[in-house]
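Please keep the sequence and the structure in view while reading.

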Amino acid sequence: MAGDFRPTSDFLQVLAERGFLHQCSDLDGLDHMAKSGDLVAYIGFDCTAPSLHAGSLVQIMLLRWLQKTGGKPIALMGGGTTRVGDPSGKDASRQLLPLETIAANQDGIKRVFSRFLSFGDGKQDAIMQDNAVWLASLNYIDFLRDAGRHFSVNRMLSMDSVKLRLERDQELSFLEFNYMCLQAYDFVELSKRHSCNLQMGGSDQWGNIVTGIDLGRRMGTRQLYGLTSPLLTTASGAKMGKTAQGAIWLDESLLPVFEYWQYWRNCEDRDTGRFLKLFTELPLDEIARLETLSGAEINEAKKILATEATTMVHGREAAIEAADTAQKTFEEAAIAEHLPSVEIGVAEIEAGIGVLSAFVKAGLVASTGEARRQIKGGGLRVNGETVTDERASIGPRDLNLGAVKLSLGRKRHVLLKIA
């Protein structure tokens, strides 16, 4: 969308060069605001899960670059809007969560941001705000009178989040229909409370964002702006942040650091350069050099991507440990101490644990039936040796430094450790 636009502000220059720009309500006006040092921007994060996953990283990085280039970021927790559910991109209503679950999820999400943003009371320090502060106490009649009269139902029906559901004959509840009104009201409240003048989000949020800009204009706020980033998929079309095994969580209690590192290491060749720009802070000239690598050399670029992206979330020490673990596991064929592990009792290993049960215990397969199917396809290995007999057992003879390495395919490994 940037076209021939040449930004003069550091913020928009970074976004344009690294591939974050998709749509903007007024590029020239926003560029001027960013250059003035008065840019305050927010992104909302609904509390639908106990953590954010890699699919949210583009938005988190937008806030990080905003702060690094002189702006003030607001991470808006959707304690209020999560009670309604965003219909954008959904074919069915979200499950309504209990308030206790929303609060617990919010706590998990908050922990992610401490890695990316600096919070405090200074001009550029980040703010974390919960929209339940104003939404939960809204008087419905007052809201309809003060804000509701500014919303056009005709225009709301034309928004993709509504139109696509109606075109597919998918039910859209009145509760969900109100979501864009609440999000628009968030923008107005943040403008009043924190002088916020920019809302950012993924391209699926464009309709909600421009509705907020329009509501602000009608309710007499300062000039508001909107900016979206592209919705990312991998080169083969897969959704970012999800794999066949599940979500790529940003919380190490939900996904071991090693597996997070492996997710980036295993990206498609065509994605390497793009991901280096979006998910690391490596200089662009260094990324350009890495993009020239091909053949087997591209794996070195992927390792750098994995280590840098993991550093952003889990810290440099944990990222280096994960890289070292990968080298020992894949290149040196050794058992690495930092692989994900599960404990097993001495008596159980001495008696011999069935190979099917061992892989279920390790969480590499969901059932013994799935383990049998994997064995038939040659997909299971114990200490690097392919399992061919489903009646085999694992015992003391298989221990190496007090552990047994179980592998599903070439990329998933768990240590069975003596407790």
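## Helix 1 and its surroundings

In this predicted model, helix 1 is followed by Gly19, a residue whose phi is positive, near 90°. The helix itself covers residues 10-18, and its buried residues are Phe11, Leu12, Val14, Leu15 and Arg18. Viewed down the axis of helix 1, these buried residues fall within an arc of 155°, so they line one face of the helix.

## Cysteines

How many disulfides does a search of the whole structure find? The search finds 0. A disulfide is a covalent bond between the sulfur atoms of two cysteines, and the cut-off used here for such a pair is 2.5 Å.

For Cys24, the closest cysteine sulfur is that of Cys196, and because the separation is 14 Å, the two are too far apart for a bond. For Cys47, the closest cysteine sulfur is likewise in Cys196, at 18 Å, which is also too far for a bond. Cys24 is buried, with a relative accessible area of 10%, and Cys47 is buried with a value of 0%.

## Ala319 in helix 16

Ala319 lies in helix 16, which runs over residues 316-331. Is Ala319 buried or exposed? With a relative accessible area of 0%, Ala319 counts as buried.

When residues up to four places away in sequence are not counted, Ala319 touches Trp261, Thr307, Thr310 and Thr311. The C-alpha atom of Ala319 is separated by 8.0 Å from that of Ala306, a residue 13 places away along the chain.

## The protein as a whole

The secondary structure of the protein comes to 19 helices and 15 strands, and the C-alpha trace spans about 75 × 50 × 40 Å along its principal axes. Of the 419 residues, 50% count as buried. Among contacts between residues at least 6 apart in sequence, 73% join residues that are at least 24 apart.

The accessible surface comes to about 19500 Å², and carbon and sulfur atoms account for 48% of that area. The protein has 47 positive and 53 negative side chains, and the centres of these two sets lie 2 Å apart.

Note on methods
Residues are numbered from 1 along each chain as its sequence is written. This is a predicted model: local features need pLDDT of at least 70, side-chain atom pairs count only at pLDDT 80 or more; totals for chains, interfaces and linings use all residues. Side-chain values use heavy atoms; hydrogens and water are left out. Helices (H or I, at least four residues) and strands (E, at least two) are DSSP runs, numbered from the N terminus. Buried means under 20% relative accessible area, exposed over 50%, partly exposed in between (1.4 Å probe, protein chains only). Contact means heavy atoms within 4.5 Å. Accessible areas come from the Shrake-Rupley method with a 1.4 Å probe; for residues, only the protein chains shown count as cover. Lys and Arg count as positive and Asp and Glu as negative; His and the chain ends are not counted. The place of a charge is taken as NZ of Lys, CZ of Arg, CG of Asp or CD of Glu. The arc is that of the directions from the helix axis to the C-beta atoms.
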